[in-house]
Each structure stands twice: as structure tokens, then as C-alpha cells.
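User: Please take me through this model one question at a time, with the cut-offs stated where they matter.

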Amino acid sequence: MAVLTRSQAGRPQRRSAWRRRDAAWGYAFTAPVVLGGLAFVIGPLVAVIWYSLHEWNVLANTFTFAGAENYERMLADASLHDSLVASAWFSVGVVVLNISLALFLAVLLNQKLPGTTFFRVAFFSPVVVSLVAWTIVWGFLLQADGGINSFLGMLGADGPNWLRNNVTAMVAVVVVQVFKNVGLNMILFLSALQGVPEEIQEAATLDGAGAWRRFWSITIPMISPTLLLVSILTIVGSLETFALIDVLTQGGPGSSTTVLVYYLYRQAFEFNQFGYASAIAVLLFVIVLALTLVQWQTRKRWVFHEV
């Protein structure tokens, strides 16, 4: 019968102590993230859901339980329906134009041509500019006697009052939003394009594949993970746009550019309907979550290396 020495008998205890120490360090390092998520994500989400079940008027200092009344009110609110339509048009325009333009610029600037560094900086620079300052400048340019119409006048054309027409106002806010953020997506696409192996491109060229065929059959599948990331970020960002609308159009003319976030803001801080605004915030959360889950679940069909 083997007899354990003192050192051998102490090894399991030391291993157990090391495991406890490693676990303690692991909990210590993850604690800030967990606590931050609870304090700034889960906590506010639960609070908003709780507020949405109440009628809360700050001026009257009333906070009464309303049950599902705020959600029933949303079904009959024509202005909310208009804001959902405006949000849909705005998001579709931003997502389609931003992603396509960013990919086009990334492909151009991925070429080994002189001056590409300058244009990379030029297209990315609006990303780091203050959004309010950027929007104010564009507000002056888009006025009836602003810089854009002055330029069109030099070409012999009369430009509209961009921010006072329902259609042109929506086009204007979409373009301003795209030009502000297209540089970020361009950099992401550019990074992905530089990771595509040149050997695969050269092999496809030797097999007779043209530039268009190589782009669709090699480049797009290879950068599809980045394309998924960009699409999720762009869609979520477009649905959360507020400052641009507030500074540029204030939701007008009429309600043509009153997107869902701006409508939420007006219900809360102009009409003091915090309970109803909280219900709209829950609706916005559900929409963002649903669109993100749809993209995540469909990634297996088109994202490279996903099974």
C-alpha cells in the first residue's frame, strides 16, 4: 500500500487554492463589465418598461398605474404611424446609400494609386467632426439662398428650398447623415479588402475570371463578415438618429422627417407624456432587437466561414 508524502498530500490543496485564486481574479476582472451592464443597460431597460406601464406627468407630479393603456394608445396614434413610416424611409435611404457608397470608395481607395492616403483622410475626417457643427453648416448650405442653390444657379438651374419640401427634406437629412458617417464604414471595408489574399485573385485571373466576376465571387464572400458588422451598425445607428433631425429640420416640414426617436423626444420633453414616451422607447427597442436578430440568424446563408 502506497504512502503519500507530505508534499504529495499538499498538492491537491495547493491546486484548489490556485483555482480559487484564479476564479477570484476572473470575477474581479469581469465585475466592472457586469456591473456596468446591470447599471447602464439592464437597469434602464427594466425602468423604461416599468414607466411604460404608468401615466407619469412630471409637471402635475402624478405617477399612476395605467397597465397596457400606453400600448393601446400607440395602435391608434396616427402621428406615431407617420413617424414609423418616416423612420423606415430614413433608415432604408441611409443603409442603402451608406453601405454602397462606403464599399465603392473602399474599392477605389484600395488601389495602388497616388493620392489614396489623402482621399482616405478626406473621406474619414467628417466622422471626427462634431455632429452639431456638421449639421449647422449643412443647414446653411441647404437654405433657399444657401451654397448649394448658389452653385446650381451658376449652372443655370434653380434649386428648391431643400428643407421646406417633404421629399427634398427627407433626401437632405439622408444625404447629410450618409456623408457624416460613410468614412467609418469605408475604413472598415478597406481593412477587410486588404485582408483578401492576392493569391486567390491571381488564381481566378489565370482561370479567366474578369474583374466583376472576381468581385462578386471572391471579394464579397471574403469580406462578408465585415459586411454583416457594417449592416448591423448602420441599421441601428439610423434608427437612433436624433441630433441631426433636431438641428436640421425639427421633424418638419409637417411630420415628414419626424423619425421615431424624435417623436419619442417630443412626447417626453414637449408634452410631458413620459409614460407614453417610455412605451415608444420599448417599441424602438423591440424593432432594433428584431432587425438585429434577423440579420444574425440569416448570416449562415451568406457570411463566409459561417456554418
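User: How much accessible surface does the protein chain have, and what share of it belongs to carbon and sulfur atoms?

Analyst: This is a predicted model, in which local features need pLDDT of at least 70 and side-chain atom pairs count only at pLDDT 80 or more, while totals for chains, interfaces and linings use all residues. Residues are numbered from 1 along each chain as its sequence is written, and side-chain values use heavy atoms, with hydrogens and water left out. By the Shrake-Rupley method with a 1.4 Å probe, where for residues only the protein chains shown count as cover, the accessible surface of the protein chain comes to about 18600 Å², and the share of carbon and sulfur atoms is 68%.

User: What is the radius of gyration of the protein chain?

Analyst: The C-alpha trace spans about 105 × 75 × 35 Å along its principal axes. Taken over C-alpha atoms, with a globule rule of 2.2 Å times the number of residues to the power 0.38, a compact globule of 307 residues would come near 19 Å, but the protein chain has 27 Å.

User: Where does Asn-272 lie, and is Asn-272 buried or exposed?

Analyst: Most residues other than glycine have a negative phi. Asn-272 has a positive phi near 60° and is placed in the loop between α12 and α13. Because its relative accessible area is 17%, Asn-272 is buried.

User: Which peptide bond is cis, and what is its omega?

Analyst: Most peptide bonds are trans. In the loop between α11 and α12, which holds Pro-253, Gln-250 is also found, with a positive phi of about 50° and a relative accessible area of 43%, so Gln-250 is partly exposed. The cis bond runs from Gly-252 to Pro-253, with omega near -5°.

Methods
Helices (H or I, at least four residues) and strands (E, at least two) are DSSP runs, numbered from the N terminus. Buried means under 20% relative accessible area, exposed over 50%, partly exposed in between (1.4 Å probe, protein chains only).
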